[in-house]
Amino acid sequence: MVLDDLGTSLRSSLDTLQGKTRLDEDDVEEIVKEIQRSLLSADVDVSLVMELSDSIETRALEEEPPGGTTARDHVLKIVYEEMVELVGDSTALPLEPQTILLAGLQGSGKTTSAAKMAWWFSTKGLRPAVIQTDTFRPGAYDQAEQMAERAEVDFYGDPDGDDPVEIAREGMEATADADVRIVDTAGRHALEDDLIAEIEEIEREVDPDRSLLVLDAAIGQGAKDQARQFEESIGIDGVVITKLDGTAKGGGALTAVNETGSSIAFLGSGETVQDIERFEPSGFISRLLGMGDLKQLSERVERAMQETQEEDDDWDPEDMLEGSFTLKDMKKQMDAMNRMGPLDQVMDMIPGLGGGMMDQLPDDAMDVTQDRMRKFERIMDSMTDEELENPRVVGQERTRRIARGSGTDEETVRQLLEQHSMMERTIEQFQGMGEGDMQRMMKKMGG
Ligand code: GDP
């Protein structure tokens with residue numbers, strides 16, 4: 001995640017303020033230094049770092065905390081506001097019919113992001129189309145077409161065309177039925193005059209509502225020049241940061257946001273069309289500062305549950321709250337968990353668990369868990385329907401057979417059964433609650 005390191009170090013320096021009601025200069029200096037150090041190591045531009053830390057310092061020293069606020073909350077609020085300001089405090093992309101132009105260097109992830117964004121809009125009930133105008137890179141057409149197919153969205157391109165502006169014009173006509181049109185453009189290895197000239201012409205042709213700059217999260221200081229040039233030629237309204245699964249930096253993209261006076265629009269974190277999130281500034285910063293992001297988490301959980309359910313019409317998560325909780329239910333839950341993405345990302349979104357707790361776990365704790373999940377899955381694949389429905393029939397002999405059949409060991413089979421009884425007991429507690437209690441609890445959790 002972008003600025004992961006900032007979140008971690010900020011939380012620990014904020015913790016040193018615990019119990020204090022007033023801030024002195026040393027406290028502020030300490031925190032500001034932490035912020036500078038993490039931003040610089042995430043590749044954020046130096047002058048931007050100075051600007052940000054100056055304003056945090058001034059505000060922390062000059063502003064009077066409202067009565068009853070602790071020093072820690074006061075600083076947290078200031079850092080939060082300044083960071084939201086930095087990443088752009090409005091959502092760059094409203095949910096409405098529009099034309100979006102994508103710009104960026106070759107390999108930044110434009111084609112992938114076009115399909116991802118289209119998929120995202122389609123999940124929100126809009127009808128998106130991707131228009132591919134890249135005639136420069138061999139294979140761009142095929143790649144874009146395949147990805148649009150995977151995203152199940154309309155697509156226009158011309159594999160034999162050599163005039164991007166012409167393709168853009170035809171594409172706009174051919175996709176007249178779509179609500180959201182996403183126009184992908186050619187990149188080059190570096191900013192060249194002809195690339196700029198080409199994208200300016202396409203921009204005039206399609207007259208986009210928004211132009212987004214697509215940036216690889218690993219880009220460092222180079223982001224600034226790129227952002228400035230695209231800003232001058234077509235005007236940039238938002239930044240899409242890609243490949244966040246590959247780096248914890250992302251500071252270059254923040255520099256670009258600042259340079260173009262825009263905000264982050266989307267975050268990409270993988271190669272499939274679903275690996276995208278709309279950027280929600282306040283949620284993102286809350287997550288960063290360890291305050292959790294419940295909205296995102298509940299969206300992900302909902303989606304994962306829905307997908308699991310679509311695959312198996314007979315299974316309804318609500319049933320778990322009524323009948324008995326079988327190993328089959330547990331398997332479905334694990335499938336749903338797997339779909340939510342890496343466990344550590346999910347845990348980061350849970351307030352309380354976010355940040356602080358994750359930092360205390362050894363680095364490989366999460367891998368172990370995921371590894372264990374995979375073993376559990378293999379074990380369940382080796383069990384009969386009877387055993388899955390009623391795990392109590394699994395005794396010593398069956399344990400041995402299952403361990404052999406799944407290529408695991410008896411200990412792991414026993415762990416799975418234990419995990420199941422533990423979850424069963426939890427579910428039974430839920431079952432004991434009335435519907436009103438359940439709703440109250442969900443509300444409390446922010447749902
Ligand atoms: P373009 O030249 O700007 O259109 O870039 P592409 O969309 O072709 O992406 C370049 C490469 O990066 C491809 O191999 C993509 O699969 C990969 N890619 C794009 N976005 C992501 C991402 O979020 N995560 C990962 N891991 N790979 C990505």
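How many bridges join β7 to strand β8, and do the two strands run parallel or antiparallel? Three bridges join them, and the strands run antiparallel. The legends below describe close-up views of this predicted model.

**Figure 1. Overview of the chain and its eight-stranded sheet.** The chain holds 21 helices and eight strands. Of its 447 residues, 39% count as buried. Among contacts between residues at least 6 apart in sequence, 77% join residues at least 24 apart. The eight strands form an open sheet with mixed pairing, in the order β3-β2-β4-β1-β5-β6-β7-β8. Strands β3 (154–156) and β8 stand at the edges with a single partner strand each, so one side of each is left without a neighbour in the sheet. On average, and with direction ignored, neighbouring strands of this sheet are turned by 25° against each other.

**Figure 2. Strand β7 between β6 and β8.** Strand β7 spans residues 263–268, and six of its six residues are buried, so the strand is largely enclosed by the rest of the structure. Strand β6 (residues 238–242) runs parallel to β7 and is joined to it by four bridges. Strand β8 comprises residues 276–278 and is antiparallel to β7. Phe 266 of β7 can be followed in both pairings: Val 240 stands opposite this residue, and Phe 266 in turn stands opposite Arg 278 in β8.

**Figure 3. Strand β2 between β3 and β4.** Five of the five residues of β2 are buried, and the strand is therefore largely enclosed by the rest of the structure. Both of its faces are covered, with Pro 128, Val 130 and Gln 132 buried on one side and Ala 129 and Ile 131 buried on the other. Five bridges pair β2 with β4 in the parallel sense; in β4, Asp 184 is the bridge partner of Gln 132. The pairing of β2 with β3 is also parallel and has three bridges. Here the bridge partner of Val 130 is Phe 155 in β3.

**Figure 4. Pairing of β1 with β4, and helix α5 across the sheet.** Strand β1 (residues 98–103) pairs with strand β4 (residues 180–184) in the parallel sense over four bridges. Within this pair, Thr 99 stands opposite Arg 181 in β4. Helix α5 lies across β1, β2 (128–132), β4, β5 (210–216), β6, β7 and β8, and runs at about 175° to β4.

**Figure 5. Residues around the ligand.** The ligand has 18 residues around it, of which Gly 109, Lys 110, Thr 111, Thr 112 and Gly 268 come nearest. Helix α5 (residues 110–123) gives the most to this shell, with three residues. By class, the shell contains 13 polar and five charged residues and no nonpolar ones.

**Figure 6. Crossing of helices α3 and α4.** The axes of α3 (residues 46–62) and α4 (residues 71–87) come within 10 Å and cross at roughly 150°. This crossing is right-handed. On the α3 side, Leu 52, Ser 55, Ile 56, Arg 59 and Ala 60 meet Val 75, Ile 78, Val 79, Glu 82 and Leu 86 in α4. The contact of the two helices is made up of seven nonpolar, one polar and two charged residues.

Key: Residues numbered from 1 in each chain as written. Predicted model: local features only at pLDDT ≥ 70, side-chain atom pairs only at ≥ 80, totals over all residues. Buried ≥ 20, exposed ≤ 12 C-beta atoms within 10 Å, placed from the backbone. Pairing = 2+ DSSP bridges. Near = placed C-beta within 6 Å. Nonpolar A, V, L, I, M, F, W, Y, C, P; charged D, E, K, R; others polar. Contact = placed C-beta atoms within 7 Å. Axes fitted to C-alpha atoms, helices over the stretch in contact; angles between N-to-C directions. Left-handed = near helix turned anticlockwise from the far one by under 90°.
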